[in-house]
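Welcome to this guided tour. Have your viewer open and your selection tool ready, and follow along stop by stop.

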Amino acid sequence: MIKIAINKKLHGADGQMDLSVNLTVEDGDFVALAGQSGSGKTTLLRILAGLEEASGTIQIGDEIWLDKKFCLPSQKRKIGFVFQDYALFNNMSVLDNLLYVHKDKRLAESLLEMTELAELKTRLPNTLSGGQKQRVSLCRAMMNKPKLLLMDEPLSALDPEMRTKLQQEILTLHKEFGTTTIMVSHDPSEIYRLAQRVIMLNFGEIVSDGSPKDILLKTSGSQKFSFEGELLDIVKVDVINIAIVSVGQQLVEVVISDDEAHSLKIGQSVSLSTKAFSPMIRGL
Ligand SMILES: Nc1ncnc2c1ncn2[C@@H]1O[C@H](COP(=O)(O)OP(=O)(O)OP(=O)(O)O)[C@@H](O)[C@H]1O
């Protein structure tokens with residue numbers, strides 16, 4: 001079990017903010033960390049990794065990583081860290097990037113095999129695609145068999161197809177190694193697929209904590225469907241107003257009234273909901 005009770009003063013865009021997190025994570029859990037930009041997600045991961053100072057305590061099993069008098073150095077914490085920007089050594093081959101962490105060739109080869117990278121092991125990272133580089137980062141993070149795997153939006157630079165593929169690989173490695181994983185993600189489908197628990201941060205504090213279904217499903221009340229999106233434009237066609245909203249990877253057109261056309265602002269976040277139709281679903 002991981003017990004976290006930390007505090008740190010942050011200088012946010014709107015002044016000073018207290019990052020104050022009290023949290024217990026069960027061994028082997030997959031936790032998604034979500035919340036608005038600037039809410040403290042990356043800082044929390046960096047504190048757990050020992051890359052940033054904070055007051056409070058961090059205990060993992062019976063090992064103390066942080067308390068009043070002591071802070072275990074980052075390199076002594078059994079963690080794996082995967083960043084959005086890969087952070088690979090470009091002058092080392094794929095295999096050497098892994099062996100740099102831990103000289104266990106058998107483990108490195110088996111990780112490369114599991115993630116379909118075996119053929120690429122002698123290549124330099126800058127000759128690989130984004131998805132391949134992120135797989136290498138993932139393998140590298142697993143090289144010291146981490147007790148805690150920390151991932152900061154690891155898939156956000158990848159296209160949707162590659163994301164889905166890597167989500168599966170992340171899940172396989174998480175289970176295979178029995179690690180506890182904390183991943184920052186903004187993508188509800190990714191969170192739903194991977195995590196058992198979602199923690200939402202807002203201004204440095206936990207504002208919700210529960211299962212992805214409880215936290216992410218927005219169809220409370222009598223609404224059947226509800227999506228969040230960004231209002232991109234309002235166009236007038238004859239006498240009707242049409243709002244163009246981006247929802248995920250798609251653009252959607254919605255007829256709106258004159259009053260709505262006046263009160264809504266381009267660029268605003270909006271929610272689209274309906275209860276009047278019976279949706280159809282078919283495989284693509
Ligand atoms: N070492 C630090 N000392 C003081 N303030 C900091 C420090 N590191 C980050 N901050 C501030 O704390 C706030 C939270 O930053 P953080 O990167 O943790 O947010 P985030 O939730 O990860 O955001 P995003 O989703 O945009 O990555 C920011 O306003 C940042 O400027």
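A crossing of two helices is called right-handed if the near helix is turned clockwise from the far one by less than a right angle, and left-handed if it is turned anticlockwise. Before you select anything, note that this is a predicted model, in which local features need pLDDT of at least 70 and side-chain atom pairs count only at pLDDT 80 or more, while totals for chains, interfaces and linings use all residues. Residues are numbered from 1 along each chain as its sequence is written. Helices (H or I, at least four residues) and strands (E, at least two) are DSSP runs, numbered from the N terminus.

**Stop 1: H2 and H3**

Two packed helices are described by the angle between their axes and the distance between the axes. Axes here are lines fitted to C-alpha atoms, for helices over the stretch in contact, and angles run from 0 to 180 degrees between N-to-C directions. Select H2 and helix H3 (residues 105–114): they pack at an angle of about 130 degrees, with their axes 10 Å apart. That makes H2 oblique to H3; angles under 35 degrees count as roughly parallel, over 145 as roughly antiparallel, 65 to 115 as roughly perpendicular and the rest as oblique. The crossing in which H2 passes H3 is right-handed.

Now show side chains. Leu 95, Leu 98 and Leu 99 of H2 meet Lys 105, Ala 108 and Leu 111 of H3, where contact means that the C-beta atoms of two residues, placed from the backbone, lie within 7 Å. The contact of H2 with H3 divides into 5 nonpolar residues, no polar and 1 charged. For these classes, Ala, Val, Leu, Ile, Met, Phe, Trp, Tyr, Cys and Pro count as nonpolar, Asp, Glu, Lys and Arg as charged, and the others, Gly among them, as polar.

**Stop 2: H4 and its two partners**

Val 94, Asn 97, Leu 98 and Val 101 of H2 make the contact with Val 136, Cys 139 and Arg 140 of H4. These residues divide into 5 nonpolar, 1 polar and 1 charged.

Next, select helix H5 (residues 160–177), which packs with H4 at an angle of about 10 degrees, their axes 11 Å apart. That makes H4 roughly parallel to H5. Among the H4 residues that meet H5 are Arg 135 and Leu 138, and on the H5 side the contact includes Leu 166 and Ile 170. The contact of H4 with H5 divides into 7 nonpolar, 2 polar and 2 charged residues.

**Stop 3: around the ligand**

Which of the 13 residues around the ligand come nearest? Select Leu 10, Gly 12, Ser 37, Thr 42 and Thr 43; a residue is near a molecule if its C-beta atom, placed from the backbone, lies within 6 Å of it. Strand S1 (2–12) and helix H1 (41–49) are the elements that give two or more residues to this shell. The shell divides into 2 nonpolar, 9 polar and 2 charged residues.

**Stop 4**

Select strand S3 (residues 30–35) and strand S10 (residues 197–202), which run parallel and are joined by 5 bridges; two strands pair if DSSP finds at least two bridges between them. Val 31 has Arg 197 as its bridge partner in S10.

In the hairpin, with 2 residues between the strands, look for Phe 203, which takes a positive phi near 45 degrees.

**Stop 5: the open sheet**

Finish with the 4 strands in the order S14-S13-S12-S15, an open sheet with antiparallel pairing.
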